[in-house]
Amino acid sequence: GRDGPRHAPDDAGGFILGDHRTAGLDDGLAAALQHWHEALAAHRWHAQLPSVTAVAQAAEPPADVAATANAAPAAGCGGGGGSVEEARGAALTPPTALLAHPPVGTLCNHLLMVLNELRQCAAYGLRPLLFDRLSVALVAAVAALRELPARAAFTDGAHEQFRALCMCFADNLVPHVGGCADILIPPWVSPTFPAPESNDCRTDRLIATVRAEVEPLLRQEEAP
C-alpha cells in the first residue's frame, strides 16, 4: 500500500514529492539568508559580548526544574526504551556556543524552521536536493560574511569578534544543521538487502565544502 514505508530514491513518487517541495525549500532558505543579512547588518561588532558560559547559564532552567526533568522516566517500551530518543534529542539540540553570536543563532533558527517544514513528508528522494540546497545557502551565508561592509571599519576588538563568529559558524552551526538534515532524511537502506554501511557522506561533504569557504576568512583575520 502507499501508506507503507517510504520508498527508495529511484521511486517515482519520491521524485514527484521532491519536485513539489523544491519551491518551498528554496523560499525558506532565501528567507533564512535574508534574516542572516539583516542580523549581520544590525550586529554591534564593537560591543563586548557576554561569554558563552554566561549566556548559557542565563538560559538554563532552575536547578529544581532541571533535576525533575532529568529524573523523569524515559518513554518507550522497557527500561531503556528512551535511550534512542534521548540521543536523537541531544543531536537536535543547538550548540550553546551559538548563544554568544546572535547572527549565527538567528540563521540557525531559520534553517531549522526550514527543516521543520519538511518533517511532515520527507521522502528519501528529497535527500540529495536538500543537501545540495543547504550547501548553496550556507556558502552564500559565508559570502555575506566576506562582503560585509562593516569589516572596513573594524577595530582590533571587532576583528576578534568577527573571527570568533566565523569559527562558531564553521565549527558549530554547519555540523549541527547538517546533522539535523541527516536525521530528518537519513540515507536509504534496502529492507531486503541492508548494507553494512549506509552513510552516503553527504553531511561530511556539506561540512567540508562550507568550512573550505570559511577558512580564507579566518586566515585574513589572523593577527599579523
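Before anything else I wrote down the burial cut-offs: buried means under 20% relative accessible area, exposed over 50%, and partly exposed in between, with a 1.4 Å probe and protein chains only. By that rule Gln-161 counts as buried, because its relative accessibility is 10%.

**Ground rules**

I am working from a predicted model, where local features need pLDDT of at least 70, side-chain atom pairs count only at pLDDT 80 or more, and totals for chains, interfaces and linings use all residues. Residues are numbered from 1 along each chain as its sequence is written, and side-chain values use heavy atoms, with hydrogens and water left out.

**Overall fold**

I looked up the secondary structure and found 8 helices and 0 strands in the chain. Helices here are DSSP runs of H or I with at least four residues, strands are runs of E with at least two, and both are numbered from the N terminus. Going along the sequence, I read the pattern as α-α-α-α-α-α-α-α. The chain has 224 residues, and 36% of them count as buried.

Next I checked contacts, meaning heavy atoms within 4.5 Å. Taking those in the chain between residues at least 6 apart in sequence, 86% join residues at least 24 apart.

Then I went to His-46, in the loop between helix H1 (12–42) and helix H2 (52–59). The side chain of His-46 makes a polar contact with the side chain of Thr-155, at 3.2 Å. Setting aside residues up to four places away in sequence, I see His-46 touching Ala-153, Phe-154, Thr-155 and Ala-158. I also noted the pair His-46 and Asp-156: 110 residues apart in sequence, but 9.0 Å apart in space, C-alpha to C-alpha.

**The core and Trp-36**

For a nonpolar core I take a set of buried Ala, Val, Leu, Ile, Met, Phe, Trp, Tyr and Cys residues joined through side-chain atoms within 4.5 Å. The largest one has 51 residues, and those with the most contacts inside it are Trp-36, Leu-130, Phe-169 and Leu-173. At least two residues of this core come from each of H1, helix H5 (102–117), helix H6 (127–146), H7 and H8. H7 gives the largest share, 13 residues.

I picked out Trp-36, which lies in helix H1. Its relative accessibility is 0%, so I log Trp-36 as buried. Not counting residues up to four places away in sequence, Trp-36 touches Pro-103, Val-104, Leu-107, Ala-141, Ala-144, Leu-145, Leu-165 and Phe-169. The Trp-36 side chain also reaches the backbone oxygen of Ala-141 at 3.0 Å.

**H7 against H8**

I looked at how H7 and H8 pack and got an angle of about 175 degrees, with the axes 10 Å apart. That makes H7 roughly antiparallel to H8. Axes are lines fitted to C-alpha atoms, for helices over the stretch in contact, and angles run from 0 to 180 degrees between N-to-C directions. Under 35 degrees counts as roughly parallel, over 145 as roughly antiparallel, 65 to 115 as roughly perpendicular and the rest as oblique.

Residues making the contact include Phe-162, Met-167 and Val-174 of H7, and Leu-206, Ile-207 and Val-210 of H8. By class, I have 13 nonpolar, 3 polar and 5 charged residues. Ala, Val, Leu, Ile, Met, Phe, Trp, Tyr, Cys and Pro count as nonpolar, Asp, Glu, Lys and Arg as charged, and the others, Gly among them, as polar.

Thr-203 is in helix H8. I log Thr-203 as buried, because its relative accessible area is 12%. Beyond its neighbours within four places in sequence, Thr-203 is in contact with Phe-131, Gly-178, Gly-179 and Asp-182.

**Two last stops**

Cys-201 is in the loop between H7 and helix H8 (202–220). It is partly exposed, at 33% relative accessible area. I flagged Cys-201 for its positive phi of about 65 degrees, although it is not a glycine. Most residues other than glycine have a negative phi.

Asp-132 lies in helix H6, and at 44% relative accessibility it counts as partly exposed. Asp-132 and Arg-202 are 70 residues apart in sequence and 8.9 Å apart in space, C-alpha to C-alpha.

Terms used: Polar contact = N/O pair within 3.5 Å; in protein donor to acceptor, adjacent residues only side chain to side chain.
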